[in-house]
Amino acid sequence: MLKIGPYQFDNPLVLAPMAGITDAVFREICRQNGAAYTLAEMVASKKELWESKKSSTRHVNLNDPEPRAIQLLGTNPEELAEAAAWQVENGAQIIDLNMGCPAKKVCSVAAGSVLMGHPDKVQEIFTQVKNMVDVPVTVKIRTGLDSEHKNAVDIAQIAEACGLDAITIHGRTRAEKFQGNAEYDTIKKVKQTVSIPVIANGDICSPEQAEFVLKYTGADGLMIGRATQGNPWLFRETNHYLTTGEMLAGPTELEFFSTLLKHIQGLHSLYGDILGPRIARKHFGWYLQNSPAAIENHQAIRRQFNQLDQAQTQLDLIKQLFAPR
């Protein structure tokens, strides 16, 4: 079973950090539906951004179930170490380092997955962050920069030598971004090479795929990201399948309605009257795709919801569409 530092988890499923998605509201919903632990959205390591309005919703939420995990993004070892210490002082219990994001705006400043091309700097970052904090430190990487430069095994060995507590690997290179299919051979090689926990990530969209990836790679855990958008029940269904070998029924109409309502209300509360309804639009669209109710004209309903800029009118439409009769 997955274990990171002193934390022993009941199941191997982790919610991936996703910018603009895995805020405190969504993390709570995923934990309630079976995620072993969750990672907050990545936070920039630059000190001048720690207290920015955007970062303010991404820091440690002391109401989160333990362990509270924060992902840091940056390139400067000293900055990352200071940011890690600040996060721990404010309640973070696991520090995760982002070396897997393929976004252009991240890679253009040599952060995220670009760091995999600079193993010396990677080692310096690992060493300084690990020496600065007394909580588990983990890292998320990709298989490499491109198909000709897959060095996940090398980076994993550096992580182990520097005392990191776990490594997550997305089964694509930086160049592939989210295109094509994830490959798991590299993750399998990493697991066979290092003794620290290895978490597999990439294209885990169903309980059956989760079981396959666990068995094929021998990984200690699975990190699930995009497939949970509008479908937090995937954790519950996957845990049930891994335990019993049987498929669990999806959410009832009442469960779907109450979860969607809680999520949208939570976004309104977290982000306020202006930003809250705007952020709610993408989440509503994802939930709409997973609705157990017979809802027709999805595109028209999504357009209607996206035109609503008041919290109450959004909630009224949700109740009109999904409240059990």
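**Helix packing and selected loop residues**

Setting aside neighbours within four places in sequence, Gln93 is in contact with Tyr7, Glu66, Pro67, Arg68, Val135 and Pro136. The model described here is a predicted one. Gln93 sits in the loop between helix H3 (77-89) and strand E7 (94-99). With a relative accessibility of 11%, Gln93 counts as buried, because the cut-off for that class is under 20%. Pro67 itself belongs to the loop between helix H2 (53-56) and strand E6 (69-73).

Asp203 is found between strand E10 (198-201) and helix H8 (207-217). The phi angle of Asp203 is near 60°, which is a positive value in a residue other than glycine. Asp203 is partly exposed, its relative accessible area being 22%.

Helix H5 (residues 119-132) contains 14 residues. From its first C-alpha to its last, H5 reaches 20 Å, close to the 20 Å expected at 1.5 Å a residue. Val122, Ile125, Phe126 and Val129 are the buried residues of H5. These residues cover an arc of only 95° around the axis, and they therefore lie on the same side of H5.

Not counting residues up to four places away in sequence, Lys121 touches Thr75 and Leu115. Lys121 and Pro136 are 15 residues apart along the chain, and their C-alpha atoms are separated by 20 Å.

Another lysine, Lys191, is located in helix H7 (residues 185-193). Lys191 has a relative accessibility of 22% and so counts as partly exposed. Leaving out neighbours within four places in sequence, Lys191 is in contact with Val198, Thr217, Gly218, Ala219 and Asp220. For one of these contacts, Gly218, the separation from Lys191 is 27 residues in sequence and 6.7 Å in space, C-alpha to C-alpha.

The axes of helix H1 (residues 24-32) and helix H10 (residues 253-289) come within 13 Å and cross at roughly 40°. On the H1 side, the contact involves Ala24, Val25, Phe26, Glu28, Ile29 and Gln32. These meet Thr259, Lys262, His263, Gly266, Leu267, Leu270 and Tyr287 in H10. By class, the residues of the contact of H1 with H10 comprise 7 nonpolar, 4 polar and 2 charged.

H10 also packs with H12, at an angle of about 170° and with the two axes 10 Å apart. H10 and H12 are therefore roughly antiparallel to each other. The residues in the contact of H10 with H12 divide into 14 nonpolar, 3 polar and 3 charged.

What does the H12 side of this arrangement look like? Helix H12 (residues 311-322) has 12 residues, which should span 16 Å at 1.5 Å a residue. The C-alpha atoms at the ends of H12 are 17 Å apart, in agreement with that expectation. Ala311, Gln314, Leu315, Leu317, Ile318, Leu321 and Phe322 are buried in H12. Viewed down the helix axis, the buried residues of H12 fall within an arc of 160°, so they line one face of the helix. The buried residues of H12 pack against H10 and helix H11 (298-306).

Key: Residues are numbered from 1 along each chain as its sequence is written. This is a predicted model: local features need pLDDT of at least 70, side-chain atom pairs count only at pLDDT 80 or more; totals for chains, interfaces and linings use all residues. Side-chain values use heavy atoms; hydrogens and water are left out. Axes are lines fitted to C-alpha atoms, for helices over the stretch in contact, and angles run from 0 to 180 degrees between N-to-C directions. Helices (H or I, at least four residues) and strands (E, at least two) are DSSP runs, numbered from the N terminus. Contact means heavy atoms within 4.5 Å. Ala, Val, Leu, Ile, Met, Phe, Trp, Tyr, Cys and Pro count as nonpolar, Asp, Glu, Lys and Arg as charged, and the others, Gly among them, as polar. The expected span of a helix is 1.5 Å times one less than its number of residues. Buried means under 20% relative accessible area, exposed over 50%, partly exposed in between (1.4 Å probe, protein chains only). The arc is that of the directions from the helix axis to the C-beta atoms. Angles under 35 degrees count as roughly parallel, over 145 as roughly antiparallel, 65 to 115 as roughly perpendicular and the rest as oblique.
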